Structures are given as structure tokens and as C-alpha cells.
Amino acid sequence: MNDIPAQPDPSARVDVVVVGGIIGLATAWQMLTRRPGLQLVVVDAEPTIAAHQTSHNSGVVHAGIYYAPGSLKASLCTRGRGLLKEFCAEHGISIDHNGKLVVATSESELAGLANLFDRASQNGVPGLRRVDRAELRRIEPVADGVAAFHSPDTAVVDFAEVARTLAAEIQRLGGSIRTSWPVNRVRSVADGSIVDGPDAQTIHGRITIVCGGLQADRLAGDVARDVRILPFRGTWYRVTGEIADGVRGSIYPVPDPSLPFLGVHVTRRIDGEVWAGPNAFLAFSRHDYRQWAVDPRDAVSSLGYAGFWKFAVKNLPTAWTEFSHEVSARAYAASLKEYVPDVLPGNLERGPMGIRAQAMNAQGQLLDDFLVREADNVLHVPNAPSPAATSSFAIGEYLADAVDRMRAMT
């Protein structure tokens, strides 16, 4: 099911309105499974399900390696991974546990590798083990480094297929899905909330849940006035030739601890393709996937934000590296060579691009954890970066629990 036609409103009033992609769909599914007969409608701005972040990624199902112990990311990634696997098994969705190798390429990265291993261990990542150079090369013959650790529970899946299956399940359970229904505003009223959509259409719900992704700050309004979404473009390259043939799972570098990005990595996807990427470079459009697309409103939103300039000044060398990756396969290959030494620019073919929604505050700090805000009869998710897709079922559970509490108070 690629397209879900727009359906008439099930009622002038419903119990719950849900806005958003895979997180919204997982939330709606959680609510309908626990409350049969709930009047619920999911709205999506695009004509197809999973048109943005859900379908523009490598499909990695994260095991919980990177996230601060005790954070929402850590707990919801662990819980979400299990729920995602159960859903895939129940609905015949392929998921491949092809593992992840995190590689230290020099002695200077060993401390960072050890800290990351300790963090992953605190998060209960299953099967985690340190490996030396000889063993890392047995696990991933194209990789090299001074040391690594292996996460056999890391997997890959087609998150767009998961989202489409969720949409079908929501309809089977009595919910309604409206595509081509962009939301202009969400407002609380005395007896619930009103969602304003296209052509002066509105849906009145007792509760509204907004998982707005790249539009999250605009839809949240005052409840997230301290947060601005910056769109970061990530370009992927398809890896070809013998290098691609030799990649078995995912190969990641030791990430920069000051940034919420994991660095350029190599992944064998569920469809068998091998991708390298993504980089992370400021985009000037939140919705246009052409390389140098500019949306004036989006560009002004980023470049007119004081927090962005504070961030930019502190990260000029990183920005230059990311820009070089954006324009040059040779520069991309040079970064990969640190842990995949035989890769050549000729092994890289420019692939698709994604746009990641990253929340930033006025001090220029990128917000690393998931963020949920409540405003009267509306729940907002102003920040849901990676591993949001992996965590989506657990985020949905978390939001459904919050709605149950809100309903109990009304």
C-alpha cells in the first residue's frame, strides 16, 4: 500500500487527532490497540505515507549504543527496538540482524571507543564485545583499525514499509488516515483542541498529538518558543564494486562526542545495497530534496536565528569537512579510507539525500534527547532525532500513556 487516499472526517469531532510520520503512526496504533473503538484520525501533509525522514535513511535499527544512560533516548531506544522487532515478526516485515562494528582508527580514539563501550554497556546493549584488529577484520573484511567493538543486535529494516503497515493496521482497527492534509495550526480550546488544515478544513479532537518533524517548532508555537528546528541535509553515496561486496553489516567510526551526529558510516541495507553516509550540512529548505534547494522562509528561519551563528562559529572546521563531503566524492572517500582503507572515489556513486530535523536552542546547543511538551489538550514532540524510527513504537507508547493521563484528568 503506497498511497492512502484522503478520507472524509469520521466525525466533526473525534477523540484523538495525530499529526506526523512514523512516530505519529506508531502512537495511533498503540492507542487503538489499547482502546478499541477510539475515534482517531491521523493526518499527513504529503500524498503518501513516510515521504520524509522515515523513508530517507539507511534503515539501521539501533541497539542503543550512543545515548546518555537514563535519557529518554536510551530507554525508548531499548524498548522500541524490541517492540519494532515484534511488529515486524507479526506482520512479515524483513529485518536483518547484520550487526555493527564501531572502529577506532588510531590510538587517540581508544579512549573515546572505551567510553562509548561503557555507555552502551550501561544501556544494556545485548551481545556487545570488544574486538582486536584481527577479529574486526574477520567480522568486516574491508574494515581496518586499531580496535573496535561489535554489536550483533544492530539490524536493518525498511522503515517506510513499517510505516505503511502501521497505516494499514490503523485503518483495520477503525482509525482514519488523511493524506494531503497539511496542518496550518493546532490550538487548544475549552473542550479539546482544533487542528486547522487545508481549504479551511478543521478537525476537533479531545486530544491532539503533534509529531511534526521538520515543522515541529512551527506547529508547537509558544510551547516550544525556546527551540528552533534546523534542517540538516545528509547526502548518501552508493558503494559499488568489491568494496560493497565485502561489507556485511554496518561499519561506524568513533563519533565526535560534541555533536549528535554519528559520522560518515557504511551500511548494508535491507535491500542489499551498500550506502556510505550521511554527512550533515545545513539545508535551506525543510522539504525540497534537490541539492541546493532554497525555500526563503526556511532559509530565514535558520540564518536569522542567533543560536545558529553561535553554533556555526564553534564548529567552522566541522562545517568545512561536511561541505567538502557534500561536493566531492574524493573527500568522502578520504574520510571512509580511515576505516575502509581500500575504498576509492570510483567506488562511490551519488545516492539519495535526506533532511534531518534537529532542534537547537538560542545558545547554539543542539538538543540531543527526545523532547515532549504538553499544552492543555495538545502533546507536542519538538525534537525526535535519530534513533526516533527505531524508538517509534516506544515513543508511541510513551505518548499514549501521557494521553491516558490527560484523559483521566478531564
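Helices and strands here are DSSP runs, numbered from the N terminus. The model is predicted.

**View 1. Threonine 48 lies in the loop between strands E2 and E3.** Strand E2 spans 40–43 and strand E3 spans 60–61. Threonine 48 has a relative accessible area of 26%, so this residue is partly exposed. Arginine 164 is 116 residues away in sequence, yet the two C-alpha atoms are 9.2 Å apart.

**View 2. Helix H1 packs on helix H5.** H1 covers residues 22–34 and H5 covers residues 159–172. Their axes are 9 Å apart, at an angle of about 35°. The crossing is left-handed. H1 contributes Ile22, Leu25, Ala26, Ala28, Trp29 and Leu32 to the contact. From H5 come Phe159, Val162, Ala163, Leu166, Ala167, Glu169 and Ile170. By class, the contact holds 12 nonpolar residues, one charged residue and no polar ones.

**View 3. Helix H2 crosses helix H5.** H2 runs over residues 72–91. The two axes come within 11 Å and cross at roughly 70°. Angles of 65 to 115 degrees count as roughly perpendicular, and H2 and H5 are therefore roughly perpendicular to each other. On the H2 side, the contact uses Leu84, Phe87, Cys88 and His91. These meet Phe159, Val162, Thr165, Leu166 and Glu169 of H5. Six residues of this contact are nonpolar, two are polar and one is charged.

**View 4. Helix H8 has buried residues and, on the other side, exposed ones.** In H8 (residues 296–303), Asp298, Ala299, Ser301 and Ser302 are buried. They cover an arc of only 160° around the axis, so they sit on the same side of H8. Pro296, Arg297 and Val300 are exposed on the other side. The cover over the buried residues includes helix H6 (216–220), strand E13 (228–239), strand E17 (281–282) and helix H9 (306–314).

View 5. Most peptide bonds are trans. Proline 278 is in the loop between strand E16 (274–277) and E17. Proline 387 lies in the loop between strand E20 (378–383) and helix H12 (388–409).

**View 6. Aspartate 199 and alanine 200 have positive phi.** Most residues other than glycine have a negative phi. Phi is near 55° in aspartate 199 and about 65° in alanine 200. Aspartate 199 is in the loop between strand E11 (192–196) and strand E12 (202–211). Alanine 200 is in the loop between E11 and E12. Aspartate 199 counts as exposed because its relative accessibility is 73%. Alanine 200, at 75%, counts as exposed too.

Definitions and conventions: Residues are numbered from 1 along each chain as its sequence is written. This is a predicted model: local features need pLDDT of at least 70, side-chain atom pairs count only at pLDDT 80 or more; totals for chains, interfaces and linings use all residues. Side-chain values use heavy atoms; hydrogens and water are left out. Helices (H or I, at least four residues) and strands (E, at least two) are DSSP runs, numbered from the N terminus. Buried means under 20% relative accessible area, exposed over 50%, partly exposed in between (1.4 Å probe, protein chains only). Axes are lines fitted to C-alpha atoms, for helices over the stretch in contact, and angles run from 0 to 180 degrees between N-to-C directions. A crossing is left-handed if the near helix is turned anticlockwise from the far one by less than a right angle, and right-handed if clockwise. Contact means heavy atoms within 4.5 Å. Ala, Val, Leu, Ile, Met, Phe, Trp, Tyr, Cys and Pro count as nonpolar, Asp, Glu, Lys and Arg as charged, and the others, Gly among them, as polar. Angles under 35 degrees count as roughly parallel, over 145 as roughly antiparallel, 65 to 115 as roughly perpendicular and the rest as oblique. The arc is that of the directions from the helix axis to the C-beta atoms.
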